[in-house]
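Hi,

Here is the structure I promised to pass on. My notes follow below it.

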Amino acid sequence: MKDIIFTIETNKKIAKNTYEMVLLGDCADIKCGQFVNLKIEGFYLRRPISVCNVEGDRLTLIYKVVGQGTEVMAKMEKGEEILTLTGLGNGYDISKSGDKPLLVGGGAGVPPMYQLCRELVKMGKAPSVILGFNSKDEVFYENEFKALGANVIVATADGSYGVKGFVTDAFQMVDYTYFYTCGPEPMLKAVYNKSVTSGQFSFEERMGCGFGACMGCSCKTKYGNKRICKDGPVLEKEEIIW
Amino acid sequence: MVSLKTNLCGIELDNPLIPASGTFGFGYEFAEIYDINMLGSFSFKGTTKDAGFGNPTPRIAECKNGLINSVGLQNPGVHKVLENELPKLKACFHKPVMANVSGFSVEDYVYTVKMLDSEPQIGWFEVNVSCPNVHGGGMSFGTSPEAAAEVTRAVKAVTNKPVIVKLSPNVTDIVAIAKACEEAGADGISLINTLLGMRIDLKSKKPVIANKMGGFSGPAIKPVAVRMVYQVYEAVKIPIVGGGGVESAEDVIEMMLAGASAVQVGAANLVDPMACPKIIEDLPRVMEKYGIKDLKDIIGGAH
């Protein structure tokens with residue numbers, strides 16, 4: 001964990017209520033599947049945001065405007081500084097992926113799949129990616145995933161783009177050895193029930209500190225209580241109680 | 001040269017800074033980013049007889065200048081604390097530590113204190129009679145002078161270490177409770193715990209916190225804490241650990257002027273893990289600014 005001042009390079013809308021922010025700073029401490037905690041002026045608690053990508057000193061975050069904090073973030077401009085705690089959470093274990101990993105992201109759960117996909121491709125794996133959104137105007141990063149060389153399927157709940165239905169409706173279109181998923185809890189539960197292999201789930205919870213001190217984001221697992229921020233956000237399928 | 005040293009119940013502290021229980025775990029998360037031996041001490045995560053998961057989530061609600069938590073005393077139980085947590089604590093912290101204990105009955109408090117008493121690194125017991133997040137225990141002992149005194153007497157009977165009673169601000173007359181604890185043998189008073197608070201989400205139109213209410217802390221509560229430390233200082237002779245919304249060297253000095261011998265920092269640790277080292281680094285400058293040479297000289301200076 002490090003507390004670092006990042007400078008905004010770009011901050012732009014990429015889909016409905018969805019923004020991409022590229023920050024410059026020391027990214028040495030950041031691993032795939034982790035999150036960062038941003039100090040936004042005027043708010044007492046920090047904003048935990050999943051890491052979308054890290055390349056050199058360039059940190060990419062994608063966030064949805066869901067409340068007052070992210071509303072302020074959406075208005076921030078190039079050159080503004082953000083105090084950011086980095087290196088938070090356990091991240092994905094990419095050693096378990098097998099040759100054909102499946103990456104399933106829903107809405108605000110899509111971003112962490114990007115760096116994961118990049119790293120898996122770099123390891124010589126052939127990932128399939130299923131991206132779920134409510135409708136066409138919320139779709140983002142389809143081309144970015146394709147550019148990595150992944151097999152990409154987009155599903156929209158209203159059928160306005162790609163496969164009509166939920167991410168799990170696209171499962172029969174792919175053959176996979178293992179899976180990684182991040183998204184809203186009902187989607188994670190559906191993936192849990194539909195999946196035929198082992199896999200890893202990235203969870204979200206209201207956090208106090210983001211680094212394991214306050215026990216604000218605890219959950220029960222088959223192996224005891226875990227803190228989403230410190231022992232998670234990634235949990236393995238076998239330990240989840242559903 | 002200014003002196004930051006202070007004394008709490010006969011134990012010398014290098015400085016008055018004590019991270020508050022529940023905001024600092026067992027220390028090792030913070031030891032990843034700074035040497036926690038620079039602290040005066042810290043109060044470890046509230047420990048109970050049995051393991052507890054605490055309350056359902058969401059347990060955290062943000063507020064203007066503070067937050068509400070309803071963790072509800074989640075801890076692995078005193079046996080696992082002894083087995084797993086204290087060895088990790090000892091590896092990164094080498095000063096006397098404050099053991100925060102809580103219970104659902106007087107017998108619970110006694111059991112937990114007895115179990116921990118033989119740990120040489122424990123310098124003080126901080127007996128929490130003020131958790132607002134646990135029904136049938138916690139705060140109920142801290143809202144009546146008789147119950148608070150009963151817990152104090154029972155704990156004092158099973159340990160020779162200093163016993164500091166942590167009081168709830170959610171009472172009509174905190175002075176009466178502090179005096180009852182002093183008469184029952186308490187060696188110190190710690191205050192304040194969190195204020196019972198609530199937030200309602202406008203989208204769902206329901207409370208943000210699953211348990212509906214929780215403990216409000218952060219800079220917004222500091223004036224309440226300063227007032228209560230000031231009132232209790234007038235009424236008791238035993239030392240006071242003051243806390244509530246402290247996040248700067250100026251706040252530390254204010255709390256000591258009100259009557260605190262040592263100062264707890266709580267919520268600030270959660271939003272800035274470097275909050276305590278920054279305060280310690282800043283204290284000499286702020287002391288010089290206000291003509292203070294020795295922190296011990298200003299305790300209760302506002303009276």
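Which residues touch the most other members of the largest nonpolar core? This core has 123 residues, and B:F44, B:L167, B:L191 and B:L283 touch the most other members. (A nonpolar core is a set of buried Ala, Val, Leu, Ile, Met, Phe, Trp, Tyr and Cys residues joined through side-chain atoms within 4.5 Å; buried means under 20% relative accessible area, exposed over 50%, partly exposed in between, with a 1.4 Å probe and protein chains only.) Helix α9 (residues 275-289) of chain B gives the most to this core, 7 residues. Helices (H or I, at least four residues) and strands (E, at least two) are DSSP runs numbered from the N terminus.

Before going further: this is a predicted model, where local features need pLDDT of at least 70 and side-chain atom pairs pLDDT 80 or more, while totals for chains, interfaces and linings use all residues. Residues are numbered from 1 along each chain as written, chains are lettered from A and ligands numbered from 1 in written order, and side-chain values use heavy atoms, leaving out hydrogens and water.

B:L167 has contacts (heavy atoms within 4.5 Å) that include B:V129, B:I174, B:C181 and B:L191, leaving aside residues up to four places away in sequence.

Helix α7 (residues 249-258) of chain B is largely enclosed by the rest of the structure, because 7 of its 10 residues are buried. Among them are B:D251 and B:M255. Their cover includes α6 (222-235) and α9 of chain B. Just after α7(B), B:G259 has a positive phi of about 140°.

Happy exploring!
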